[in-house]
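Student: I am new to this structure and would like a close look at one part. Please take me through the place where the two chains meet, and then what lies beyond it.

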Amino acid sequence: MYDSLVPPRRGVTGAEPAMPTVDEPPREAGAPRAAEPPQDRLAAVAAGREVEAEVHDSVLAEPPVLEVDRFNLWYGAKQALHRITMPVPLNKVTALVGPSGCGKSTLLRSVNRLNDLVQSVRITGDMRINGDSIYDPRMDVIELRKRMGMVFQKPNPFPMSIYENVVYSLRIDGETNRAVLDEVCERSLRGAALWDEVKDRLQESALGMSGGQQQRLCIARAIAAEPEVLLLDEPCSALDPIATGKIEDLIQELRGQYSVLMVTHNMQQASRSSDYTAFMYLGRLIEYGATTDIFTKPVLRETEAYVTGRFG
Amino acid sequence: MNSDRPARRIRSGHATLTAHGEPWVWLTAASLAIAIAMIVGLLVFIAFRGLSTFWPVPLERLTLADGRAVLGEVTDREAAVTATSQAVGHPARRLVRTGDFDGTGNHYEWIDDTAITETSRPEWATVVERVEAGRLHGVPKRMLHGTEVVAEGPEAVWAAYLKEHDAVRTRALRAQRIDKRDRGELQRRLRAARLAVVQAGLDAGPASERAVAAEARERALAEEIAILDVALDEETARLRGANDGWAIEFETPSGGVAAVPLDGIVRAWQPNRLALGESLSLYFSRWGEFLVDDPREANSAGGVFPAIWGTVTMTLIMALFVAPFGVLAALYLREYAGRGPITTAVRVAINNLAGVPSIVYGAFGLGFFCYVLGAGIDDLFFKASLVADGQPTFGTGGLLWASLTLALLTLPVVIVATEEALSAVPNSMREGSYACGAGKWQTIRRIVLPRALPGIMTGLILAMARGAGEVAPLMLVGVKKLALDLPVDGTFPFIHPEREFMHLAYLIYDVGFQSPNSQAARPMVFTITFLLVAIIALLNVAAIWLRSRLRRRFVAQQF
Ligand SMILES: Nc1ncnc2c1ncn2[C@@H]1O[C@H](COP(=O)(O)OP(=O)(O)OP(=O)(O)O)[C@@H](O)[C@H]1O
Ligand SMILES: [Mg+2]
């Protein structure tokens with residue numbers, strides 16, 4: 001599965017915004033583009049037709065840190081993302097919600113090009129981080145990934161000490177200055193609200209921590225390199241309510257300092273911790289706006305049905 | 001609620017039994033029990049036979065109906081066998097180690113119980129372990145020095161023996177050492193000088209300045225060595241002269257007298273007089289000799305130190321070769337190679353290699369390492385030896401080639417185990433590392449390898465265990481019946497990878513089945529087997545200890 005760092009095919013670069021005409025499966029070519037009546041949208045999506053996403057003006061008004069531009073992704077012959085176009089605002093928390101299998105993780109993993117590791121993946125379209133095209137063939141994937149931090153659904157601490165876990169990204173950059181490492185370690189652990197719990201056992205194995213501590217350690221690791229974007233893929237799904245609460249508090253604290261793109265299945269969490277919320281369905285972006293709007297007065301009935309738990 | 005529906009019948013009897021799966025528990029437990037019983041039985045048997053070899057056993061004097069008498073250790077008994085139509089039976093009998101090889105040409109004798117008229121344990125019956133011709137059983141009679149009788153009667157002789165033997169034996173060993181080591185060293189220096197002459201001749205022509213200078217050096221060395229040789233001759237003559245004339249006469253059970261020179265006695269003891277403490281100290285001193293001395297008498301007596309040394313160094317050098325190769329190969333196969341028919345074919349081929357009979361590797365080692373690679377090295381660097389006396393250096397079996405052959409033999413084991421260990425590293429860890437901006441090699445080195453290390457060690461342990469016990473291929477690539485020059489020793493350049501060596505597993509075969517007096521060597525077979533098992537166990541325990549340390553460092557339980 002992890003055989004190559006080079007994607008089988010790179011997408012069109014962002015320099016030219018024209019819609020890609022090559023590599024689109026033929027079935028898509030003649031799909032109707034007109035907006036459907038709202039109540040039929042999900043049915044239309046399920047039938048495989050193109051549906052225009054409902055993106056609120058409030059989102060477009062924000063300065064973006066990350067721009068997803070008509071992004072398509074296929075696993076082999078199966079298309080997992082359909083023409084996703086969404087800006088992610090700078091220094092805000094953006095939540096991705098949607099039923100299981102709708103492509104949230106896929107979208108997140110596309111941002112730091114982890115999907116390059118999957119051999120069967122093909123993409124078209126582009127993404128830009130602070131204006132730099134992510135899928136530009138000249139883009140160094142390793143440099144790119146250093147600009148982002150990612151936290152996974154299941155805590156995945158490395159088999160080394162807590163200290164080494166936190167400073168991992170500095171270590172691979174060849175940083176050996178003890179003072180710098182110590183400083184980064186403490187700052188990141190404080191940032192992840194973990195410092196007080198582990199400051200006396202930094203040299204112990206990270207695998208001996210509790211699940212919630214491990215997940216916060218992963219967050220500390222992700223913010224150690226001061227990333228431009230923080231990607232969180234259901235960071236609380238493996239945790240108990242108390243640990244979840246701590247992580248949510250943490251996201252609150254990160255708000256304003258970091259641009260966070262977060263996947264969650266928990267509607268309360270989305271409404272509590274995020275500034276903006278995007279609703280996805282079957283690989284398509286359906287509605288995207290300020291969290292308060294999405295949860296209180298969404299434009300689409302389908303979005304309301306989903307966020308209130310009546311379907312999905 | 002719905003009363004119309006037929007009630008589901010609850011079955012009982014054998015169906016429940018199957019569901020509980022009791023028979024399967026019994027079956028699996030029984031299989032395990034049998035396996036454990038076999039392994040424990042094997043180990044206990046070998047340990048018992050191996051450990052009892054050196055324990056002093058009482059000497060019994062048996063007077064026979066035909067007037068003969070024997071003095072020996074009863075080592076086995078057999079119940080009476082009644083005659084059948086096919087075979088002739090025999091009465092109950094016992095196997096006696098008679099220690100009368102000089103008289104009968106046998107070390108052991110079966111004696112029928114019915115033929116014994118009298119049994120006794122003479123207090124002064126003595127076991128004499130001789131440098132040559134095995135054991136002698138008898139009662140000390142006189143101690144002689146030249147024509148002078150130093151002591152008479154068992155007690156006095158024994159006291160005199162205890163007084164004189166150590167000094168005499170030390171002198172004998174010194175003389176022997178001078179003959180073997182010191183003279184050997186001189187010969188080696190002389191040969192090196194001669195090879196230098198030949199080499200100079202090959203390089204610069206026989207009449208060249210260099211060749212002439214080398215010849216002059218050789219002549220000078222030869223003169224120097226001739227003088228040293230005379231000095232050594234004088235020294236050995238002095239030592240041997242001081243020992244001359246010291247002898248003990250023993251009365252053999254049949255009434256004769258056997259004289260044994262004092263410097264020909266390795267040790268002697270009176271098993272019927274020994275107290276427990278004395279027995280123990282004798283037992284351990286014999287173990288000590290076994291572990292640290294060179295073999296005597298076609299390997300059937302003395303020690304096995306060269307074989308221990310050969311086994312351990314060969315196994316370690318093999319591990320040194322196989323570990324990096326196997327791990328790197330497995331890394332490429334698991335982490336870098338794409339998924340495709342070729343990868344699959346390679347994997348299948350490696351698995352099949354693990355099943356190739358080991359003698360095939362031996363043949364390959366001989367044909368390729370010795371005759372192609374070794375001959376090539378000789379041709380390039382050691383031509384002088386070939387020209388001078390036709391002796392190959394690397395072009396014949398030796399420690400290096402044997403280690404390489406075994407490394408090849410155990411490579412599949414290491415590759416398969418390493419691949420398994422690598423694939424057990426969770427992908428989430430790899431992804432986490434990539435997401436931090438690590439490259440592929442950084443991820444492998446910092447995350448994958450440390451995490452897989454305990455599993456890799458397991459593969460290495462298996463490989464070492466297999467390699468240490470292998471005999472067949474070694475016979476072709478360098479193991480010898482007798483090789484007292486150790487492959488790793490104190491003479492420059494300390495490691496001699498071209499030297500032939502001894503190996504415990506081969507020694508078992510040699511002592512047990514190739515020895516001219518394999519009867520007498522039979523107890524040794526079990527002792528050597530026990531030692532081999534113990535050494536392999538020791539190597540494994542060391543590796544397991546290392547692995548558990550690594551495991552504690554890298555993997556802790558989650559939650
Ligand atoms: N490696 C892969 N190979 C092929 N198909 C994949 C792969 N990974 C994901 N998919 C498919 O892509 C679609 C989107 O998957 P994705 O994991 O992005 O969903 P998700 O929204 O994160 O779901 P969840 O909420 O359950 O995590 C699914 O239909 C899934 O089957
Ligand atoms: Mg997911």
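Tutor: Start with the two sides of the contact. Chain A brings 31 residues, and these are in contact with 30 residues of chain B. Keep in mind that this is a predicted model. Between them, chain A and chain B bury about 2600 Å². Carbon and sulfur atoms give 58% of that area.

Now look for charge pairs. The count between chain A and chain B is 1 salt bridge. Its partners are B:E431 and A:R109. Their closest N and O atoms are 2.9 Å apart. Polar contacts come next. Across the interface of chain A and chain B, 4 residue pairs are in polar contact, with both residues at pLDDT 80 or more.

Which elements of chain A build its side? Two or more residues each come from α5 (141-146), β7 (148-151), α7 (168-171) and α10 (211-224) of chain A. Sorted by class, the side of chain A that touches chain B holds 17 nonpolar, 8 polar and 6 charged residues.

Stay with chain A and turn to ligand 1. There are 13 residues around ligand 1. Those that come nearest are A:S100, A:G101, A:S105, A:T106 and A:H265. Some distances to oxygen atoms of the ligand can be given. The side chain of A:K78 has an N or O atom 2.9 Å from an oxygen atom of ligand 1. The backbone takes part as well. A polar backbone atom of A:G101 is 2.8 Å from an oxygen atom of ligand 1. For A:C102, a polar backbone atom is 3.3 Å from an oxygen atom of ligand 1.

Move over to chain B. Chain B is divided into domain 1 (47-137 + 266-287), domain 2 (148-244) and domain 3 (305-557). Take domain 2 and domain 3 of chain B as a pair. Their centres, taken over C-alpha atoms, are separated by 38 Å. Still, 10 residues of domain 2 of chain B are in contact with 12 residues of domain 3 of chain B. The two domains bury about 780 Å² between them, with 54% of it on carbon and sulfur atoms.

What holds for charge and polar pairs here? Across the interface of domain 2 and domain 3 of chain B there are 0 salt bridges. By class, the side of domain 2 of chain B that touches domain 3 of chain B has 3 nonpolar, 1 polar and 6 charged residues.

Terms used:
Residues are numbered from 1 along each chain as its sequence is written. Chains are lettered from A and ligands numbered from 1 in the order in which they are written. This is a predicted model: local features need pLDDT of at least 70, side-chain atom pairs count only at pLDDT 80 or more; totals for chains, interfaces and linings use all residues. Side-chain values use heavy atoms; hydrogens and water are left out. Domain bounds come from an automatic or database domain assignment. Contact means heavy atoms within 4.5 Å. Buried area is the accessible area (1.4 Å probe) that two parts lose on being put together, summed over both. A salt bridge is a side-chain nitrogen of Lys or Arg within 4 Å of a carboxyl oxygen of Asp or Glu. Ala, Val, Leu, Ile, Met, Phe, Trp, Tyr, Cys and Pro count as nonpolar, Asp, Glu, Lys and Arg as charged, and the others, Gly among them, as polar. A polar contact is a pair of N or O atoms within 3.5 Å; within protein, one must be able to donate a hydrogen and the other to accept it, and residues adjacent in sequence count only if both atoms are side-chain atoms. Helices (H or I, at least four residues) and strands (E, at least two) are DSSP runs, numbered from the N terminus. A residue is near a molecule or strand if one of its heavy atoms lies within 4 Å of it.
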